[in-house]
Amino acid sequence: MKLGYLLGITLAVGLCGSCSSDYMDFKGGNFVQFSSSSDEVYTFAYFSSDKKIDTLNIGIMSVGEVVDYPRTIRFEQVTKEWEYTYDAEDPNKVVDSVYVDMKYPAKEGVHFEAFGGENNELVLPANQNGVNVKIVVKREDKSLQDNAYKLELRLLPSDDFETGVPKYVVKKITISDKLERPTVWKDTDYDCATYLGNWSEVKHRFMINVTDEKWDNDFIMSNIKASYQPSPEALFLLKKIKKELEKYNADPANNPPLMDENGHEVVFP
């Protein structure tokens with residue numbers, strides 16, 4: 001898929017914070033990769049309907065020599081994914097897999113504004129080892145309220161670079177207008193399991209409504225996972241949430257208990 005040029009897409013360039021000055025003398029070749037291997041999840045659901053667009057900053061770094069001339073970074077949008085079939089008796093055992101078209105690939109001009117020119121190329125300016133790509137995401141598609149769309153970018157070799165560490169070569173970005181599970185809120189994560197419990201959209205929305213906090217990655221990392229126990233603010237808010245849930249469930253008019261979208265009762269540890 002060609003990602004056409006869009007006026008207004010800019011590249012903010014600076015030294016990558018995770019890059020070492022040792023790269024200045026690296027002689028093993030020149031490689032390019034995303035600065036982080038983490039998936040990005042963006043949802044407009046945290047904001048009022050007035051917010052129609054937003055900008056994601058995606059870092060790309062080079063590994064190797066820093067040179068005094070600009071270099072080309074190539075990429076492509078991936079629109080296929082692996083679909084797995086699991087053993088009926090062992091849900092952790094994969095018995096078959098097939099590479100299929102993504103069900104909800106993000107569409108240029110609809111879910112994000114084009115970048116990279118007609119050839120899907122970015123420029124790493126001279127004397128730099130990092131580039132910050134600004135990707136504008138859009139809210140206009142009403143189906144974002146029902147489905148999360150995937151923008152998956154994969155770096156490719158160019159005349160200037162080979163691709164780097166495999167897990168840093170692909171960047172997966174989710175674009176949505178409904179609440180999505182924060183990537184750090186995993187059922188297997190000790191802190192989240194201990195203080196938040198299992199994630200659901202209904203639970204998450206209830207927490208936001210009660211506290212006016214997003215309970216997104218930034219808030220969870222700063223207040224739930226940053227220390228050996230949640231911050232005083234988080235403990236206060238969790239106590240408030242539980243109290244409000246008790247009040248909700250005590251009111252027969254609410255047809256209690258509060259149930260999530262999966263038919264499970266909303267509970268907190």
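Student: How many residues line the largest pocket, and which lie nearest its centre?

Tutor: A quick note on the ground rules: this is a predicted model, where local features need pLDDT of at least 70, side-chain atom pairs count only at pLDDT 80 or more, and totals for chains, interfaces and linings use all residues. Residues are numbered from 1 along each chain as its sequence is written, and side-chain values use heavy atoms, with hydrogens and water left out.

Now to your pocket. The largest pocket is lined by 23 residues, and Asp39, Glu81, Lys150, Lys172 and Thr174 lie nearest its centre. Here a pocket is an open set of points on a 1 Å grid over the protein atoms alone, where a 1.4 Å probe fits, with protein on both sides within 12 Å along at least five of seven lines; lining residues have an atom within 4 Å of a point. Two or more lining residues come from each of strands S3 (40-43), S6 (80-86), S10 and S12 (170-176), strands being DSSP runs of E with at least two residues, numbered from the N terminus. S6 gives the most, with four residues.

As for volume, the largest pocket has about 570 Å³, taken as the space filled by probe spheres set on the points, which are joined across faces, edges and corners. By class, its lining splits into 10 nonpolar, two polar and 11 charged residues. Nonpolar means Ala, Val, Leu, Ile, Met, Phe, Trp, Tyr, Cys and Pro, charged means Asp, Glu, Lys and Arg, and the others, Gly among them, are polar.
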